[in-house]
Amino acid sequence: MYKGIIRGNIVSTRKQESLVGSKFMEVQLIKNGEFTNEYIIAIDSVGAGVGETVLITVGSPARLALHNENCPVDAVIVGIVD
Amino acid sequence: MYKGIIRGNIVSTRKQESLVGSKFMEVQLIKNGEFTNEYIIAIDSVGAGVGETVLITVGSPARLALHNENCPVDAVIVGIVD
Amino acid sequence: MYKGIIRGNIVSTRKQESLVGSKFMEVQLIKNGEFTNEYIIAIDSVGAGVGETVLITVGSPARLALHNENCPVDAVIVGIVD
Amino acid sequence: MYKGIIRGNIVSTRKQESLVGSKFMEVQLIKNGEFTNEYIIAIDSVGAGVGETVLITVGSPARLALHNENCPVDAVIVGIVD
Amino acid sequence: MYKGIIRGNIVSTRKQESLVGSKFMEVQLIKNGEFTNEYIIAIDSVGAGVGETVLITVGSPARLALHNENCPVDAVIVGIVD
């Protein structure tokens, strides 16, 4: 998993039907307490907003955090760091 | 997931039978609003064309966006960014 | 799999319900006996603590090390290096 | 998926039984029309040879291109680029 | 898949029960005939030893090479290069 800070959201009107209602967030990864140049786009599952530091799960396990496990999704925000 | 801009398409006549009819697009990734040197080849599932900015899902979840889930595909365009 | 040293833990109160009780550790990867600049956040499954050198499994197989295989988890500490 | 050019093949006599008969090709990846320093070893599924430009699927979906889906394989050549 | 040379093994007494008996090898990756700075820890499935050049499968397909497919393992040595 990765830690990162939500830098913005991405709006996509024309998308896969199973993604309707998903919030796409662009997250800057943080490693060892420092901001990196790596960015991931993840779907929020915990009510996180821009500026919050979050935990992201990537790959096939990510969509286990969503209600619809048939979503074509590879990155989900699964926690907010205190 | 990744954001990127479609730079071109790739034609492959001799390919796996389950891939016949797929549109292969070469996509330049965009991170934090800047073009990167990273490129992925993804199959389109939303009617996207060259020059459009899109969302890509990679890995095992990608093919959930296709009608045939037995396709050997690891990257699919799942949305067009507004 | 990767070898790494646990550098700290991460506290997340607001998270996916299936992650409640998980210990999130930030691990600095070690390659060829040298510390790298790569960091992964992994869930502990073997009682490892800060400062210990561990083995991490990433991706979809990682959660096979947990009791709940439906966790949205992509990295788990599966062993402590002697 | 990736585009690349087949640079050579790899011979392995002692291998997993399910891999007997597989052709292992070393492929140099091409991004945005330029050769990169990235190389992947992939199993051929379309009759491709050294010097041909091909499409490669990686990860868990790759083995969907093979007759035996229980092969421990993470990269397969799924098309030849025209 | 990757090609690499086995540089050493890693001993872990305290580990996941399903990993007991596994041989963990540190492998330096070889690309285009040259040693790289990339290292992976993989479980041996073909009787390979230190100094041998091997093929490694990574990710979810890796554990298909093991007798116990429920192992939390993401990299397995599946062949020895001639």
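Modeller: What follows goes from one chain to the relation between copies, and then to the residues.

This is a predicted model, in which local features need pLDDT of at least 70 and side-chain atom pairs count only at pLDDT 80 or more, while totals for chains, interfaces and linings use all residues. Residues are numbered from 1 along each chain as its sequence is written, chains are lettered from A and ligands numbered from 1 in the order in which they are written, and side-chain values use heavy atoms, with hydrogens and water left out.

Helices (H or I, at least four residues) and strands (E, at least two) are DSSP runs, numbered from the N terminus. Chain A has a radius of gyration of 12 Å, close to the 12 Å that the globule rule gives for 82 residues, so chain A is as compact as a globular protein of that length. The radius is taken over C-alpha atoms, and the rule is 2.2 Å times the number of residues to the power 0.38. The C-alpha trace of chain A spans about 35 × 25 × 20 Å along its principal axes.

Of the 82 residues in chain A, 59% count as buried. Buried means under 20% relative accessible area, exposed over 50%, and partly exposed in between (1.4 Å probe, protein chains only). A contact means heavy atoms within 4.5 Å. Taking the contacts in chain A between residues at least 6 apart in sequence, 51% join residues at least 24 apart. Chain A carries 7 positive and 9 negative side chains, and 4 Å separates the centres of the two sets. Lys and Arg count as positive and Asp and Glu as negative, with His and the chain ends not counted; each charge is placed at NZ of Lys, CZ of Arg, CG of Asp or CD of Glu.

Next come the copies. Two copies of a chain are related by a rotation about an axis and a shift along it. Chain E is superposed on chain C by a rotation of 72° with 0.0 Å of shift along the axis, at an RMSD of 0.0 Å. That is the relation of a five-fold axis. The C-alpha of E:Ser60 is the nearest to the axis in chain E, at 5.0 Å. Such superpositions are done by least squares on the C-alpha atoms of residues with pLDDT of at least 70 in both copies. Only 4% of the interface residues of chain E are also interface residues in chain C, so the copies meet through different surfaces. Chain A makes no contact with chain D, and their closest C-alpha atoms lie 9 Å apart. Chains A and E have no contact either, with closest C-alpha atoms 9 Å apart.

Now to the close look, in chain B. B:Ile56 lies in strand E5, residues 53-58. At 0% relative accessibility, B:Ile56 is buried. Setting aside neighbours within four places in sequence, its contacts are B:Met1, B:Tyr2, B:Val27, B:Leu29, B:Ala42, B:Ala75, B:Val76 and B:Ile77, together with A:Asp74 of chain A. Between B:Ile56 and B:Tyr39 there are 17 residues in sequence and 11 Å in space, C-alpha to C-alpha.

Two loop residues of chain B reach chain D. B:Gln16 sits in the loop between E2 and strand E3 (24-31) and counts as buried at 13% relative accessibility. Not counting residues up to four places away in sequence, B:Gln16 touches B:Pro72 as well as D:Ser45, D:Val46, D:Ala65 and D:Val78. B:Thr13 belongs to the loop between strand E1 (2-10) and strand E2 (14-15). B:Thr13 is exposed, with a relative accessible area of 64%.

Most residues other than glycine have a negative phi. C:Asn32, in the loop between strand E3 (24-31) and strand E4 (34-44) of chain C, has a positive phi near 55°. C:Asn32 is partly exposed, at 40% relative accessibility.
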